Amino acid sequence: MSGHHHDHDHDDVDAGPPLGDLQLRVRALESLLVDKGLVDPTALDTLIDTYETKVGPRNGARVVAKAWIDPKYRQRLLENASTAIAELGYIGRQGEDMVVLENTPKVHNMVVCTLCSCYPWPVLGLPPVWYKAAPYRSRAVIDPRGVLKEFGVTVPDDVEVRVWDSTAELRYLVLPERPAGTEGLREEQLAELVTRDAMIGTGKVEAPRPKAKR
Amino acid sequence: MNGVHDMGGMHGLGPVEPEPNEPVFHHDWERKVFALNLDEHWLYGLELLLVEKGLITVEEMRSKRPAGPAPDGLRVLRPDDVPRRLRAIRAARMDEDVPAKFKAGEGVVARNIHPMGHTRLPRYARGKRGVIDRDHGVFIYPDAHAAGLGKQPQHCYSVRFSAREVWGAEASSRDAIYIDLFEPYLDPA
């Protein structure tokens, strides 16, 4: 163990003040800012709507599916991710400098931000709670294989796990491996298979199950 | 700063709790927290900043009612501006022609420093030896910028550290951690 030793638990280190208190403070601050004309409430609604309904992991999934179908696009994506992603129109805050990490049969990449919650918004939307929470941020670097197991991903011993700690301004997107048995699928069908977790590197993309079983 | 935000490698913080079909926001207050660009850690900081910048007064904060009009000359975000503002690039990358001290493949050691101010050098990397994986180019140096000392453009590198170098013999001999580190954090190995 590196760093400081504590003899008490820190389970609540990221919990902050009790929910009710925080909720009240947010509400009080919001109404004060609105009443004073510093914040336009309809602008807040537009912002919220953007990340609830428009920008999300479907964007990243389209990038991945295109890279699987189009080898030239895949190459552009690996060489200059920012411009290749911008070709599909996905640009903006927290996606200014993108890097794409390609998973292969020998390398599994996963992304964390141990210092805060850096995340590529234009391609993945807003980060899930677990990504911002202390357990993932503390353990992804010291026990990546253990964390992956909790996500249901077992990485064989002969595969290298690379953990990318996005401490600076670069934002990372994992290009997962295309699953076997998807050769006949179109780009849109492939995009449906790509999960958010697979693009963070805490999941794998699965081929669709045969329909007969049930 | 050696703060609790710097979590890499800490123990005792519990299990990761993935949530299937997680909604973007769980509660309505989370929507507001996001839209106001807050975070629970930052709420207190924001309240202080609003007072410091003269946008609201301590009295208004206490009474929760505006005591006077907003200062003149403010640009308030309007709904029509939202799409454009979200697509606006807030570039930390700089065009400055700063010579790079290191090249891909060269050995480096992360400095064992403990600055009181803002830094992006995580504690778990300090004093560890790694190899430059790639040079990302020149960026605003956040340590200086956060301290109000200007942009001080610096190269930012992805540095590969073997898991064993960082965590010792029990770690996998195959695995590695790649950390984005600014040039002033690094010495030649």
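**Exercise 1.** At what angle do helix H3 (residues 57-69) of chain A and helix H4 (residues 71-79) of chain A pack?

*Solution.* The structure is a predicted model.
Step 1. The two helices pack at an angle of about 125°, and their axes are 5 Å apart.
Step 2. Angles of 65 to 115 degrees count as roughly perpendicular and those over 145 as roughly antiparallel; H3(A) is therefore oblique to H4(A).
Step 3. On the side of H3(A), the contact is made by A:Val63, A:Lys66, A:Ala67 and A:Ile69, and on the side of H4(A) by A:Pro71, A:Tyr73, A:Arg74 and A:Leu77.
Step 4. Sorted by class, the residues of this contact are 6 nonpolar, no polar and 2 charged.

**Exercise 2.** Determine how helix H2 (residues 41-54) of chain A is oriented against helix H1 (residues 28-35) of chain B, and name the residues in contact.

*Solution.* 
Step 1. The axes of H2(A) and H1(B) come within 9 Å and cross at roughly 105°.
Step 2. This angle makes H2(A) roughly perpendicular to H1(B), because the range for that class is 65 to 115 degrees.
Step 3. H2(A) contributes A:Leu44, A:Asp45, A:Leu47, A:Ile48, A:Tyr51 and A:Glu52, while H1(B) contributes B:Arg31, B:Lys32, B:Phe34 and B:Ala35.
Step 4. These residues divide into 6 nonpolar, no polar and 4 charged.

**Exercise 3.** Describe the extent of the contact between chain B and chain A.

*Solution.* 
Step 1. The size of an interface is often expressed as the accessible area lost when the parts come together.
Step 2. Between chain B and chain A, the buried area is about 7,700 Å², and carbon and sulfur atoms give 63% of that area.
Step 3. B:Val16, B:Trp29 and B:Leu86 supply 9% of the area that chain B buries against chain A, more than any other three residues.
Step 4. Counted by residues, the contact takes 82 from chain B and 78 from chain A.

**Exercise 4.** Examine the polar links across the interface and the make-up of the side of chain B that touches chain A.

*Solution.* 
Step 1. The rule finds 7 salt bridges across the interface of chain B and chain A.
Step 2. B:Asp175 forms a salt bridge with A:Arg145, with the closest N and O atoms 2.7 Å apart.
Step 3. Several elements of chain B each supply at least two residues to the side that touches chain A, including helix H3 (58-63), helix H4 (82-87) and strand E2 (129-139).
Step 4. H2(B) gives the most to this side, with 7 residues.
Step 5. By class, the side of chain B that touches chain A has 45 nonpolar, 13 polar and 24 charged residues.

Note on methods
Residues numbered from 1 in each chain as written. Chains lettered and ligands numbered in written order. Predicted model: local features only at pLDDT ≥ 70, side-chain atom pairs only at ≥ 80, totals over all residues. Heavy atoms only, no water. Axes fitted to C-alpha atoms, helices over the stretch in contact; angles between N-to-C directions. Helix = DSSP H or I, 4+ residues; strand = E, 2+ residues; numbered from the N terminus. Parallel < 35°, antiparallel > 145°, perpendicular 65-115°, else oblique. Contact = heavy atoms within 4.5 Å. Nonpolar A, V, L, I, M, F, W, Y, C, P; charged D, E, K, R; others polar. Buried area = accessible area lost by both parts, 1.4 Å probe. Salt bridge = Lys/Arg side-chain N within 4 Å of Asp/Glu carboxyl O. Polar contact = N/O pair within 3.5 Å; in protein donor to acceptor, adjacent residues only side chain to side chain.
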